[in-house]
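Biologist: Could you walk me through how this protein is put together?

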Amino acid sequence: MSTSGERNREATGFGGEAIEALRKRVRGPVLTPDDEQYDTERSGNQTARSHRPAILVGAGGPADVQQAVVFAVRHGLPVAVQGTGHGLAAVAAEGGVLINTSRMTGVRVNAEAGTAWVAAGVRWDQVIHEAASAGLAPLAGSAPGVGVVSYTLGGGLGLLSRRYGYAADHVRGIDVVTADGRLRQVTATSDPDLFWALRGGRDNFGVVTGIEIDLMPVPALYGGGLFFDFSSAREVLDTYVRWSAGMPDEMTSSVAVISFPDAPVLPPPLRGRHVVHVRIAYSADDLGAGKDLVAPLRALDPFNDTVRELPCNEVGTIHNDPPVPGAFESATTLLGELGSDAVGSLLDLVGPHAPVPHVVELRHLGGRLARPADIANAVGNRDAHYLLNVVSRLERADIGDIRPAHERLLGAVAPWSTGGRALTFLNGERDTEYVRSAYDPADYRRLTEIKAAYDPENTFRLNHNIPPAAPGRA
Ligand SMILES: Cc1cc2nc3c(=O)[nH]c(=O)nc-3n(C[C@H](O)[C@H](O)[C@H](O)COP(=O)(O)OP(=O)(O)OC[C@H]3O[C@@H](n4cnc5c(N)ncnc54)[C@H](O)[C@@H]3O)c2cc1C
């Protein structure tokens with residue numbers, strides 16, 4: 001019978017002694033598929049795909065990340081990263097070294113400067129709560145369980161986005177371990193190219209160990225949800241697209257058609273029901289105006305209305321994304337201006353007659369999202385008006401039915417698609433064309449050149465990959 005060291009040598013070209021040496025240098029656990037803890041350590045929120053690395057390093061801090069990257073490069077292995085496992089981007093690691101950052105949970109709020117330094121493994125809920133006690137709010141998204149670093153460096157489309165822009169537009173500094181094993185503190189002045197690329201290019205240039213982000217002076221929102229029965233979907237969606245197009249930058253909103261399962265965890269009015277859910281996040285110095293702005297939607301007579309003055313530490317209740325791990329498949333595209341014809345095309349494929357149950361959401365963009373960041377970054381597609389995102393849970397339908405249903409939905413809105421996508425909403429697509437579509441063409445070229453300078457061997461390729469520019473082009 002072969003030993004674990006021999007099996008590793010067969011699979012990876014190195015044996016148990018190399019792993020033992022790594023274990024001595026690393027504070028956190030170093031695991032192989034033979035270790036009992038391996039399955040727990042590689043599991044994340046998205047259970048449809050899971051990493052199966054040859055070596056898994058549970059990083060206790062930046063020094064462990066450096067050791068793991070140096071080890072991987074020395075043995076010619078690619079590096080993948082997992083914070084919370086909400087993303088499991090393009091490629092679930094098969095072989096290679098997976099660095100799990102979930103033990104790196106430090107947050108330091110500087111209320112006077114209006115900033116927070118956040119370590120790689122931190123989820124939004126921790127920052128939301130620590131910032132709220134100082135009357136501040138981060139640019140978090142719909143689900144507080146998502147990881148801060150990956151969300152932010154992927155762009156980060158949040159509940160305050162139309163007022164303040166992408167989360168990536170409000171990053172002050174990034175600590176990152178690059179492929180040469182160096183831990184760099186990257187700012188706009190220290191390494192302008194890398195700083196530009198990391199904010200939007202996310203995981204292609206190294207393993208980020210911490211970021212410094214801006215917090216906004218937002219103690220409360222006027223926010224929550226309006227729920228309508230699917231029978232009034234046409235009227236609600238038509239009104240929503242007209243209404244949203246006229247909203248000030250302070251209003252960030254989205255609408256979703258949701259087929260709820262008949263599950264006991266859900267409140268009875270939603271259980272097994274097809275609904276339209278309008279999500280409201282109004283943030284302004286005077287929240288009083290929010291009520292008037294929401295009035296045209298309220299006039300459509302929602303069966304449930306949770307929109308109210310909302311302390312910032314309750315923002316997770318606006319979308320109420322399920323906090324528990326699950327298996328899902330999704331599809332996305334960015335859209336231009338929409339009208340009644342677009343709504344009709346969508347509604348033909350959603351609701352009770354849809355071939356598979358799904359959540360189909362339109363997030364309203366524009367406002368500050370449409371303008372470049374004060375310090376330019378790689379986040380692209382700022383001209384889009386809406387983001388379409390479709391999510392289906394694999395417990396409720398077969399993948400063989402889900403994929404064609406998603407394709408039909410994307411086909412139905414193709415006349416309004418800009419052809420672009422938002423990086424944080426890509427899920428599972430491996431094609432480099434998908435990744436390219438997240439960027440403006442000149443920015444994509446610049447990203448490939450910066451990649452060639454910092455990661456010429458494409459060590460960081462188990463992700464939504466930006467390959468290095470061919471030699472001579474960088
Ligand atoms: C329920 C739900 C709600 C969401 N809501 C929003 C939303 O409102 N707005 C929005 O913009 N996005 C949203 N997203 C998408 C989310 O921002 C991305 O999936 C993000 O990549 C998740 O990061 P994570 O660390 O939680 O997940 P992980 O799966 O751990 O990470 C995703 C990828 O990010 C990279 N990565 C993680 N940590 C690091 C690091 N320290 N250094 C370098 N690379 C790293 C890795 O390549 C990894 O594969 C949502 C996702 C879900 C599942």
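This is a predicted model: local features need pLDDT of at least 70, side-chain atom pairs count only at pLDDT 80 or more; totals for chains, interfaces and linings use all residues.

Biologist: Which domains does the assignment give?
Modeller: One of them, domain 2, comes in two pieces, 107-217 and 439-454. The other two are domain 1 (4-100) and domain 3 (220-425). So the answer, going by the assignment, is domain 1, domain 2 and domain 3.

Biologist: How much area is buried between domain 1 and domain 3?
Modeller: Their centres, taken over C-alpha atoms, are 36 Å apart. Still, seven residues of domain 1 are in contact (heavy atoms within 4.5 Å) with eight of domain 3. Buried area is the accessible area (1.4 Å probe) that two parts lose on being put together, summed over both. Carbon and sulfur atoms give 42% of it here, and the total is about 510 Å².

Biologist: Which residues form the salt bridge, with closest N and O atoms 3.2 Å apart?
Modeller: A salt bridge needs a side-chain nitrogen of Lys or Arg within 4 Å of a carboxyl oxygen of Asp or Glu. The count between domain 1 and domain 3 is one. That pair is Arg 49 and Glu 329.

Definitions and conventions. Residues are numbered from 1 along each chain as its sequence is written. Side-chain values use heavy atoms; hydrogens and water are left out.
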